[in-house]
Amino acid sequence: MTIPGISETAAAHTASLKPPHFVLEDIVRPNILSLQPYRCARDDYQEGILLDANENSLGHALPSGSSALPLNGHENIKGGNDAAAAQDAVAGPSDPLDLHRYPDPSLFGIKSTLAKHRNLPGDEHVFLGVGSDEVIDLIQRVVCTPGKDAIAVCPPTYGMYSVCAAVNDVGVVKVPLRVDDGDFSLDVDALLSTLRSTPNIKIIYLCSPGNPTGTLLDLRDVRRILDEPTYKGLVVVDEAYIDFAEEEIRLGRRDKAQQVSAVPLLAEYKNLVVSQTLSKAYGLAGIRMGIAYSSPALIQIMNNAKAPYNVPQPTAHLASLALSPAGVDRARLHIKQLLDNRDELLAALLPIPGVGDVMGGNDANFLLVQILDAPKTQGGKPDSARAGRVYKRMAEERGLVVRNRSSDLGCAGCLRITVGTQIENRRCVELIGEMLRAEGIGA
Ligand SMILES: Cc1ncc(COP(=O)(O)O)c(C=O)c1O
């Protein structure tokens, strides 16, 4: 059946991709496949006197010149509060972002920029969501029938895959990563054998670099799953932290021959979705902008199923700035600084008595650090109870919050520490030393 809204070229492009055993129309829920997307007059007419969408014709009602509302634009754009107040009196509040209008539902400009950044043919390969959390959820809602289908996850991994599954009444099948010695690679044989014996699995969520592991997945492993003929579902590779590893390649700190992102595989595979975000390397967690890259057919289905105005106008505006050449240059500077800070944090943590290995690949903007029951030199073992105490005391008595991941599979005794500023990192190192001394280690 034809997907509503898809162009002939987009359909033909998708059909030209492999693998032959994957038929999108067979895995998308029939009610989603056939749904006629919400349409409004604005899809056809964007200019003129717009009395079509029941917006507020007088403009927004935000207080004039409020310093808490920089996007109001009064101070920055109209030259001060008096000018803004004068303008309000005559013509209503200034509204450089057209906040009283519904946002553009298609956002072709941002999508084209992202497609160009990622060497994809065009905007039809790009979906924009309210954070990658919306992407994770929407894919499930599009593909998994509640009460019937399941997803596969590879713990230790990002928790939202399973939370969305619980909300959507979708089963969760766990195929752990290889956790021995902090390897955290995919157990492809176990995954393939689970897929063969569990036909109701419709999506596999892989996280690369992983959270909380910080480890990049081997794309040869991802290919094996994409090529598995008995698996008819989607493979989602969550690359929320990929920009950190990619920048290492650009900076010559990582082998140039190593391909880290799965995005280039989209030129071959139609059963792949890659999700990314502006929340991490671009430092824009507050605006909630997530991205899915996939075949034009799946992207069309996701667009058909999403709420029409899911990405707010201020978010779109800030995302465009972030993705401009100047924005990208600035993001790269920040990434480089964070990579340097990560090295410094790592070097400062390791000599602390009672700190064990730094687990995983360190391929993101955090470290996964073991807390031990005795100094490493005396054969100390990971100690989850002690990690819990250190975590709690640092937060409650010293006001420094890390994440306690010691109950995650393969992460016994582990705290996950986000790389901070140099000052924050030094404080963190100081406090971990202090907490461990208070525990009688290295006193
Ligand atoms: C692996 C992973 N995926 C997705 C997300 C969610 O990102 P976003 O802010 O784009 O919703 C996070 C956030 O921590 C994450 O760690």
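Reader: Why are helix α7 and helix α8 called oblique to each other?

Author: In this predicted model, helix α7 (residues 131–143) and helix α8 (residues 160–167) pack at an angle of about 45°, with their axes 10 Å apart. Angles under 35 degrees count as roughly parallel, over 145 as roughly antiparallel, 65 to 115 as roughly perpendicular and the rest as oblique; α7 and α8 are therefore oblique to each other. The axes are lines fitted to C-alpha atoms, for helices over the stretch in contact, and angles run from 0 to 180 degrees between N-to-C directions. The helices themselves are DSSP runs (H or I, at least four residues), as are strands (E, at least two), and both are numbered from the N terminus.

Reader: Which residues make the contact of α7 with α8, and to which classes do they belong?

Author: Asp 133, Ile 136, Asp 137 and Gln 140 of α7 make the contact with Met 160, Tyr 161, Cys 164 and Ala 165 of α8, where contact means heavy atoms within 4.5 Å. By class, there are five nonpolar, one polar and two charged residues. Ala, Val, Leu, Ile, Met, Phe, Trp, Tyr, Cys and Pro count as nonpolar, Asp, Glu, Lys and Arg as charged, and the others, Gly among them, as polar.

Reader: How do you know what to call the arrangement of α7 and α12?

Author: The axes of α7 and α12 come within 10 Å and cross at roughly 95°. That makes α7 roughly perpendicular to α12. Val 135, Leu 138, Ile 139 and Val 142 in α7 meet Ile 301, Met 302 and Ala 305 in α12. The residues of this contact divide into seven nonpolar, no polar and no charged.

Reader: What makes α11 roughly perpendicular to α14?

Author: Helix α11 (residues 242–250) and helix α14 (residues 325–349) have axes that come within 10 Å and cross at roughly 90°; α11 is therefore roughly perpendicular to α14. On the α11 side, the contact is made by Asp 243, Phe 244, Glu 247, Glu 248 and Arg 250, and on the α14 side by Arg 332, Ile 335, Leu 338, Leu 339 and Arg 342. Four of the contact residues are nonpolar, none is polar and six are charged.

Reader: Why is the aromatic pair of Tyr 102 and Tyr 309 called stacked?

Author: The structure holds four aromatic pairs. For Tyr 102 and Tyr 309, the values are 4.5 Å centre to centre and 20° between the planes. Rings of Phe, Tyr and Trp (its six-membered ring) pair if their centres lie within 6.5 Å; planes under 30 degrees apart count as stacked, over 60 as edge-to-face and the rest as tilted. The pair of Tyr 102 and Tyr 309 is therefore stacked. This pair links distant parts of the chain, 207 residues apart: Tyr 102 is in the loop between α5 (81–91) and α6 (108–117), and Tyr 309 is in the loop between α12 (296–305) and α13 (313–323).

Reader: Where are cis peptide bonds found?

Author: One joins Pro 155 and Pro 156, with omega about 0°; Pro 156 is in the loop between β2 (150–153) and α8. Another joins Ser 208 and Pro 209, with omega about -5°.

Reader: Which rules apply to the numbering and the values?

Author: Residues are numbered from 1 along each chain as its sequence is written. Local features of this predicted model need pLDDT of at least 70, side-chain atom pairs count only at pLDDT 80 or more, and totals for chains, interfaces and linings use all residues, while side-chain values use heavy atoms, with hydrogens and water left out.
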